[in-house]
Amino acid sequence: MDTNVGLMDQKVRIGLGAVAGLLSLTVLAQAQGMISEMVPLPEIASPVLGVVAIALLATGYYRKCGLYSALGMNTSE
């Protein structure tokens with residue numbers, strides 16, 4: 001698979017991935033009682049946000065997106 005994620009797209013993906021990862025960890029810490037309730041999200045949000053974070057960080061780092069390939073999109077041009 002060729003590179004199909006542009007530089008701006010890469011920066012946005014990495015930024016959103018970092019935010020999603022931090023939110024995931026915050027929800028997990030709340031569920032464990034380690035911190036007071038700061039973010040009103042259910043416990044199930046932690047693993048979902050974790051998977052989203054990993055996907056965004058991976059596609060941003062490698063600059064390859066399977067969905068973009070399937071749709072014929074390319075933001076790296």
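Trainee: Is Gln10 buried or exposed in this model?

Mentor: The cut-off for buried is under 20% relative accessible area. This is a predicted model, and in it Gln10 has a relative accessible area of 17%, so Gln10 is buried. Gln10 belongs to helix α1.

Trainee: Which residues is Gln10 in contact with, leaving aside its neighbours within four places in sequence?

Mentor: They are Val5, Gly60, Tyr61 and Arg63. Take Val5 next: Val5 sits in the segment before α1, and its relative accessibility is 0%, so Val5 counts as buried.

Trainee: What does Val5 touch, not counting residues up to four places away in sequence?

Mentor: Val5 touches Gln10, Arg13, Thr59, Arg63, Lys64, Cys65, Tyr68, Thr75 and Ser76. A distance in sequence and a distance in space can be read side by side. Val5 and Asn74 are 69 residues apart in sequence, and their C-alpha atoms are 6.3 Å apart in space.

Trainee: Where is Tyr68, and how far is Tyr68 from Gln30 in space?

Mentor: Tyr68 is in helix α3, residues 66-71. From Tyr68 to Gln30 there are 38 residues in sequence and 35 Å in space, C-alpha to C-alpha. Tyr68 is buried, with a relative accessible area of 14%. Beyond its neighbours within four places in sequence, Tyr68 is in contact with Asn4, Val5, Asp9, Arg13, Met73 and Thr75.

Trainee: Where does Arg13 lie relative to the ring of Tyr68?

Mentor: Arg13 lies over the face of Tyr68, and the distance to the ring centre is 4.9 Å.

Trainee: How many aromatic pairs does a search of the whole structure find, and how is a pair described?

Mentor: A pair of aromatic rings is described by the distance of the centres and the angle of the planes. The search of the whole structure finds 1 aromatic pair. Its rings are those of Tyr61 and Tyr62, with centres 4.9 Å apart and planes at 85 degrees, so the pair is edge-to-face. Tyr61 and Tyr62 are both exposed.

Trainee: What span should helix α2 have, and how far apart are its end C-alpha atoms?

Mentor: Helix α2 covers residues 45-62, which is 18 residues. At 1.5 Å a residue, α2 should span 26 Å, and its end C-alpha atoms are 26 Å apart, which agrees. What follows α2 is Arg63, with a positive phi near 60 degrees.

Trainee: Which residues of α2 are buried, and what do they pack against?

Mentor: An α-helix has 3.6 residues a turn, so residues three or four places apart point the same way. In α2 the buried residues are Ala45, Ser46, Leu49, Gly50, Ala53, Thr59 and Gly60. The buried residues of α2 pack against α1, residues 7-31.

Trainee: How many helices and strands does the chain have, and what pattern does the chain follow?

Mentor: The chain has 3 helices and 0 strands, and read along the sequence the pattern is α-α-α. The radius of gyration is 15 Å, well over the 11 Å that the globule rule gives for 77 residues, so the chain is more spread out than a compact globule. The C-alpha trace spans about 45 × 20 × 15 Å along its principal axes.

Conventions:
Residues are numbered from 1 along each chain as its sequence is written. This is a predicted model: local features need pLDDT of at least 70, side-chain atom pairs count only at pLDDT 80 or more; totals for chains, interfaces and linings use all residues. Side-chain values use heavy atoms; hydrogens and water are left out. Rings of Phe, Tyr and Trp (its six-membered ring) pair if their centres lie within 6.5 Å; planes under 30 degrees apart count as stacked, over 60 as edge-to-face and the rest as tilted. Buried means under 20% relative accessible area, exposed over 50%, partly exposed in between (1.4 Å probe, protein chains only). A charge sits over a ring if NZ of Lys or CZ of Arg is within 6 Å of the ring centre and within 35 degrees of the ring normal. Helices (H or I, at least four residues) and strands (E, at least two) are DSSP runs, numbered from the N terminus. The expected span of a helix is 1.5 Å times one less than its number of residues. Contact means heavy atoms within 4.5 Å. The radius of gyration is taken over C-alpha atoms; the globule rule is 2.2 Å times the number of residues to the power 0.38.
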